[in-house]
Amino acid sequence: MKIAVIGANGQLGTEVVRAFTDNGDEVFALTHQDIEVANMDSVSAKLRESRPEIIVNTSAMHHVENCEKEPEKAYAANALGPRNLALFARDAGSVLMHVSTDYVFDGSKRAPYVEEDPPQPLNVYGNTKLAGEYYVRTILPPHFVLRTSGIFGNTPCRAKGGRNFVDLMLKLARERGEVRVVDSEIVSPTSTRELSRQMVALSRCDAYGLYHATAEGSCSWYEFAREIFSLTHTSVKLNVAAANEFPAKVPRPAYSVLENCALKSKGLNSFRSWQDGLREYLGNSSLTSVPCSSKVSA
């Protein structure tokens, strides 16, 4: 199949390109330098060249603080961009696979969210991503909208300073020997490799719709760090960060675990536990050093 991957040099996009290529598909890898999704002329001109059967959109403005500072820019990237892709796909007869986020929820449920739960974003990022979902779902019937959570992979996330939580933990352990991590935020850490494999599997069917797509199980960031050190046999003093030690600049959901209910109901779920995804990542990662994040201290 002809697959156009937008955001092809990002943390997820790089892995998506690899997964579809390994599957034998003809992949057109498009970066921000190639296509501006917020501009309809750019979308039409670039996608007409490749005439893809499936458009995979991994692009987004996902630095939460920057979205809050520049809401118009965030809306253009996260809402108008998917709208333009959906409009093109509708006219071209293509399928659109669009990646969304757990941040469309406010975290108050304290139990895994299913696709039918009403969204209630807490910040600009979540609101603009939800708007993008609605555009895709109302404009284009043949769509896949995938909400995911806490992704990590071998390619650095440029918009977030190249940070990767796994590599960061190991870097701090080596350099300082003591790490403090919050235990008040609960997620389902999801490897980009597993998510990409799920996307390839979905591309081979016509079970269109909204899906939660995360690793099985959940943990706090503290528990995630503990598992990283355990699997790598890293000697480090790990402590729970004190309450309000890292005050958030922007409200975020404290609980954003997603249940892959729709995938499971259709026999399509290919995700393993987050621990298995971490083991696979550690087996393939070069464990590069990265800057510090707001969730940890030493």
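Cys 67 is buried, with a relative accessible area of 0%, where buried denotes under 20% relative accessible area, exposed over 50%, and partly exposed the range in between (1.4 Å probe, protein chains only). Cys 261, by contrast, is partly exposed at 34%. The structure is a predicted model, in which local features need pLDDT of at least 70 and side-chain atom pairs count only at pLDDT 80 or more, while totals for chains, interfaces and linings use all residues. Residues are numbered from 1 along each chain as its sequence is written, and side-chain values use heavy atoms, with hydrogens and water left out.

A disulfide is defined as a pair of cysteine sulfur atoms within 2.5 Å, and by this rule zero disulfides are counted. For Cys 261, the closest cysteine sulfur belongs to Cys 205 and lies 16 Å away, too far for a bond.

The largest nonpolar core comprises 26 residues; such a core is a set of buried Ala, Val, Leu, Ile, Met, Phe, Trp, Tyr and Cys residues joined through side-chain atoms within 4.5 Å. Met 169, Val 181, Phe 224, Ile 228 and Phe 229 touch the most other members. At least two residues of this core come from each of α6 (165–176), β7 (178–181), α8 and α10 (274–284), these elements being DSSP runs numbered from the N terminus (helices H or I, at least four residues; strands E, at least two). The greatest contribution to this core, seven residues, is that of α6. Beyond its neighbours within four places in sequence, Phe 229 is in contact (heavy atoms within 4.5 Å) with Met 169, Leu 170, Ala 173, Val 179, Thr 234, Val 236 and Leu 238. Another core, of 24 residues, lies apart from the largest one and includes Val 17, Ala 19, Tyr 211 and Leu 263.

The whole structure contains 10 aromatic pairs. Rings of Phe, Tyr and Trp (its six-membered ring) pair if their centres lie within 6.5 Å, and planes under 30 degrees apart count as stacked, over 60 as edge-to-face and the rest as tilted. Phe 105 and Tyr 113 are stacked, at 4.1 Å centre to centre and 15° between the planes, and both are buried. Trp 221 and Phe 224 form a tilted pair, with 6.2 Å between centres and 45° between planes. These two residues are also buried and lie three residues apart in helix α8 (residues 221–231), about one turn of the helix. Together with Phe 152, Phe 165, Trp 274 and Tyr 281, Trp 221 and Phe 224 form one aromatic cluster.
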